[in-house]
Amino acid sequence: MTNAEMTTVELQREYQTDVQTGLTATLVAERQQKSGRNELIEEKPPTLVAKVWRHLSDVASLVLLFAVVLSTYLAITTGGGWTKPIVIGSILVINVVIGMYQENSAEKSLAALKKMNVHEVTVIRDGQSQVIDAADLVVGDVVVLEGGNQVPADGRLVKATDLRVDEAVLTGESEPVKKTAEPVVQVAELGDRENEVFSGTGIAQGTGTMVVTAIGMATELGSIAGMLNRTKSRMTPLQKRLNKLSLRLTTVAIAGGLLIFFLSVFHQGEPLADALMIGVSLAVAAVPETLPIIVTISLSHGVGVMAKQNAIMRRVDAVETIGGVNVIASDKTGTLTQNQMTVTRYWTPQMQQAGVVKSQQDDPAATALMRYMGLATNATSESVDGERVEVGDSTELAIVRWLAKFGQSRAEWEATYPRIAEDPFNSNKKTMATLHEMPTGQFLLIVKGAIDRLPVTVSPTEIAQMYTIHDDFAQNALRVLAVGYRVFDSRPTAPISDIQSDLTFAGIIGMIDPPRESAIAAVKQAEEAGIKTVMITGDHLQTAKAIAEQIGIFKAGDAVMTGAELRQLSDTELTDQISQISVYARVSPEDKIRIVNAWQANGATVAMTGDGVNDAPALKAADVGVAMGITGTEVSKNASDMVLTDDNFETIVAAVATGRTVYQNILKAVEFLIGVNFAQLFLMIFAVSIGWGAPLIAEQLLLINVLADGIPGFYLSREPGEPLTMKRPPISRNSSIFTDGLGYRVALRATTFIVLTLGIYSIGRFGLTSGSALVGTTMLFVVLAIGSMIDIYPIKSRGRLTLTSIKGNQALNIGVVLAGVLVLAVALIPGLQHLFELVALSPIQWLIVAVAVFIPSGVLELAKRHHSQVGPKPFSRET
């Protein structure tokens, strides 16, 4: 027998307690010794060393770390100078510092869960009422609950007086749940457990007494905490792609380094130290040192843009991930809907068919219906210091807003029809009644509530009509409320509870939390962008389905599923069916994680929204967890990657567009840097292989990679999105970084620079007049640095290069000019020339350089125009 099914006597026997006197001090001490304190166990956060290592453990950083160690060793043993280890080490330190600064690495989800546990509670022990620390509770304790309290542990109610509990933190639904102390049949859905209360929830109204049945990690809240401990975020698509790219570059570098080392030592007879230095230079050439910084800056710029769009990014790398999302699993209440119950339909016996609430309403019967509903309402809506303050049940607030929409108010009606008695609502009779004095001296009784509980006097025909309209409202997921009245010539002497009979039926209203208009447009925009939106809610199935259909989430042929039905499916069955299901209702935290995992098993990149504690594990499991900033709990926010400050679904879609732009700009940075790096690799390998030696030293390569390419590359993050960004499907999670034509463009650029640099070096080394290795190196250095800077312009826009596109990013133009000045300063100023082993060039050599620097841009622009006519379109999806 479950706790829910036990009588009070059986419950006392099961937990060896007494609801009148509580536990004894001896039993409390024994149980505390056995079960511990009523606290949540928190996962240990990573140490500082672990955080630093995480930023150093990618392949590119490991290569640079090796280069630092090797160059430091050579500087110590051979006196080769400290320029290399200092410069390369500085790049590593900058990467780590920026990465750690940008991300919120501290995990605060469980800390926020612990804060939700109240500090003091009222218990009955040894026959006395006591106030104790909630952490000292044990199973079997008898706890007294009152309005405004927070439930300190899971428990079974043994007393409940008009008790309603706000379980939104666990179920996601803001409507308080009516509770009873009577035995009931155990149900799976937490939101339907009528005689149980749960840790972390709040007492909305009424009083109650419970027997503690679970504490700490054994509670429903503890179960969520355990899932947070076990749930790990998976690597982002960008991280996977960049790691693969770095691994490829490193493989080439290692192979080339070994080849050069053996050629230098055994073929050319170079000293071991010199051969190792060439290896260091090759490592520097292989690794795009500034790519991690450029990626971080691009992501950080996206963070700033999204913040202006009401999306706060808690994890910087999620900026790119949101751009690749192809499934958005959204909560219903407050995100897709307005989180505000609204009267949308009404009907009176004088009407042939139900009316729709519009901006104008002249129907006298409807006005009378509004009057009856307003008078039998306790909710209030007032303006306080310029802000609207609403107090009351969501259903009654809907009535108050309905009145206000047509310039009426409860206060105005009560001034004319003062209330003299009230019979409050309770869950047993499902009605409330008020008695009013009328201006005529008569007395008006109004009874409001469930249509089947109103004692109205109507004919069979009228009853049939009433229920036809009622059922029509209910099938459209409307919450239905009916009202009847009776007029007395003199004030009734009997209590108000005894005069509720022979009522005249006044009509019914239908209410719903309506969808946001912006959400309808945003769901459509997401669909055009290849993104499927699904609804996951704790609400009832018919309500969820009706809202989903209005918004455009649910379409003909789609499936809907409850949490109970979902739990009947194996993981394999769910994975197979997941793409057909658009709406999930009455789901648990475990269900939400299964839904996310099933989509991910199908290769999807999933964004999951939520605002309650129950959403936190799924938010963490999703590729992008999206928490609500207004209605969301601290737990959900700390488990998320993105927080919406306006709780609006439209903001998610806007963030997707920004994320796609960020990813496009990162691809442009990869194209900009990798093409030159490949060229440097093959240039070095070819030159050493044919006996020329290394044409560039490590310091020169660092200047090109960090200054010439790095500074302009920083400003690629500010490029606007390409046209039609949100009209194309997202890039597949498993696609290579070289899809969308990137591989073709990188290969073309690398080939262009390989041919150009070999030609320029040959001209300088074996020159027409005064050639030498140093002249060849100097010409090569300038062409490689300036040429790669200039061709950022055909890279930054996938469209044809125009004056408008050139002027469109002023920060980039400034960066190019700054980098160009620095490169020319190194090539022209004697002191810098000597430091970086360069020499002065003659006018003819400068003329050759001046022409050569524009060749890569010309080749790329011509290829772009040809490719747009005969090849795949830029940013088309290639699988």
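Biologist: Which residues does Ile509 touch, not counting those up to four places away in sequence?
Modeller: Bearing in mind that this is a predicted model, Ile509 touches Val343, Arg345, Tyr346, Leu369, Met373, Ile399, Trp402, Phe473, Arg479, Val480 and Leu481, with residues up to four places away in sequence left out.

Biologist: And where does Ile509 lie, and is Ile509 buried or exposed?
Modeller: Ile509 lies in strand β18, which covers residues 504-512, and Ile509 counts as buried because its relative accessibility is 0%, where the cut-off for buried is under 20%.

Biologist: OK, which residues touch the most other members of the largest nonpolar core?
Modeller: That core has 166 residues, and Ile322, Trp402 and Ile509 are the ones that touch the most other members. Its largest share, 23 residues, comes from helix α24, residues 649-689.

Biologist: What is Ile322 in contact with, then?
Modeller: Leaving aside neighbours within four places in sequence, Ile322 is in contact with Met306, Ala607, Val624, Met642, Ile652, Ala655, Val656 and Gly659. There is also a second, separate core of 36 residues, which includes Val169, Leu190, Met561 and Leu619.

Biologist: Switching topic, at what angle do α27 and α28 pack?
Modeller: Helix α27 (residues 742-765) and helix α28 (residues 773-790) pack at about 150°, with their axes 7 Å apart, and because angles over 145 degrees count as roughly antiparallel, that is how α27 runs relative to α28.

Biologist: Is their crossing left-handed or right-handed?
Modeller: The crossing of α27 and α28 is right-handed, and their contact, sorted by class, has eleven nonpolar, six polar and two charged residues.

Key
Residues numbered from 1 in each chain as written. Predicted model: local features only at pLDDT ≥ 70, side-chain atom pairs only at ≥ 80, totals over all residues. Heavy atoms only, no water. Axes fitted to C-alpha atoms, helices over the stretch in contact; angles between N-to-C directions. Helix = DSSP H or I, 4+ residues; strand = E, 2+ residues; numbered from the N terminus. Parallel < 35°, antiparallel > 145°, perpendicular 65-115°, else oblique. Left-handed = near helix turned anticlockwise from the far one by under 90°. Nonpolar A, V, L, I, M, F, W, Y, C, P; charged D, E, K, R; others polar. Core = buried A, V, L, I, M, F, W, Y, C linked by side-chain atoms within 4.5 Å. Buried < 20%, exposed > 50% of the residue type's maximum accessible area, 1.4 Å probe, protein only. Contact = heavy atoms within 4.5 Å.
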